Amino acid sequence: MASPLSPDAAGTRHPWYNEAGPASWVNCPMRFALLGPPGAGKGTQADLLASRYGIPKISTGDMLREAARAGTDLGLQAKAYTDHGLLVPDEMILALVRERLARPDSGAGFLLDGFPRTVRQADSLHEMLAQEGLALEAVIDLEVDTEELIRRLSGRRTCPVCERSYHLVGRPPRVPGMCDLSHGALIQRDDDREQVIRERLAEYRRRTAPVLSHYQTQGLLRPVCGQQPADAVTAAIIGQLEKRSN
Ligand SMILES: [Zn+2]
């Protein structure tokens, strides 16, 4: 896993991996995670950041949805959890991440979108990277309060035909209740019902709080307020990533 940003083409370790801490010339982490509750805007921000830094966005949510569409065993099992507002078990997520990180395009860096969500996942990630002489360099915590998240998430409507998504306030269809593209009747997915959202957020907070304090203790956690316009959020994240450490 050689990075073009580091003098390790000959196989030596990344300069920021050793116990001495980050090398001063490296001012931007290329292996980082973006965490935040559902509805915080992680997906949008992750796409922008991945393209800015030329690194892949690794989203366990996307990978699980693809697996569900493809009808794999793992995909269908995962869907049974998410349909009930529950998070998918660690083993299933870790299998996906391990396989994804082994692909060549992850070698120069990557952005983990919504992973790790448990301390166990964080520990397993640490082991996977350490085997390659690497380490996670930063964890962005995108925060939005619960009532705002419920406002955002319960307004989602989806077209069952083309899967395009809308929002009653933020992105309404031209004709109420109808998809702009396929003219199908929009539905509210099970995931987007208020009670399911409340359960999902509560479980997210319960499981993620220990992960955040874990990364806080390691000095990797960088909080960003997600309750501002999307371009301001992007600027705040970039500011946190590119500020010189030490
Ligand atoms: Zn449609």
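Helix H7 (residues 194-217) lies across strand S1 (31-35), strand S4 (138-143) and S7, and runs at about 120° to S7. Contact here means that C-beta atoms, placed from the backbone, lie within 7 Å. Angles run from 0 to 180 degrees between N-to-C directions, with axes fitted to C-alpha atoms, for helices over the stretch in contact. Helices (H or I, at least four residues) and strands (E, at least two) are DSSP runs, numbered from the N terminus.

The model is predicted: local features need pLDDT of at least 70, side-chain atom pairs count only at pLDDT 80 or more, and totals for chains, interfaces and linings use all residues. Residues are numbered from 1 along each chain as its sequence is written. The mean pLDDT (the predictor's confidence in each residue, from 0 to 100) of the chain is 85, and 88% of its residues reach 70 or more. Over residues 1-26 the pLDDT is below 50, and this stretch has 34 contacts in the model beyond near neighbours in sequence. Where pLDDT is low, the predicted coordinates should not be read in detail.

Five strands form an open sheet in the order S2-S3-S1-S4-S7, with parallel pairing. Pairing requires at least two DSSP bridges between two strands. Strand S2 (57-59) and strand S7 (221-225) are the edges; each has a single partner strand, so one side of each is left without a neighbour in the sheet. From one strand to the next, the twist averages 20°. S2 pairs with strand S3 (residues 110-113) in the parallel sense over three bridges. Ile58 stands opposite Leu112 in S3.

Helix H4 (residues 90-101) packs on helix H5 (residues 119-130) at an angle of about 25°, with the axes 11 Å apart. H4 and H5 are therefore roughly parallel (angles under 35 degrees; over 145 is roughly antiparallel, 65 to 115 roughly perpendicular, the rest oblique). Asp90, Ile93, Leu94, Arg98 and Leu101 in H4 meet Arg120, Gln121, Ser124 and Met128 in H5. By class, this contact has four nonpolar, two polar and three charged residues. Ala, Val, Leu, Ile, Met, Phe, Trp, Tyr, Cys and Pro count as nonpolar, Asp, Glu, Lys and Arg as charged, and the others, Gly among them, as polar.

Phe115 and Pro116 are joined by a cis peptide bond, with omega about 0°. Glu163 is not a glycine, yet has a positive phi of about 70°.

Key: Two residues are in contact if their C-beta atoms, placed from the backbone, lie within 7 Å.
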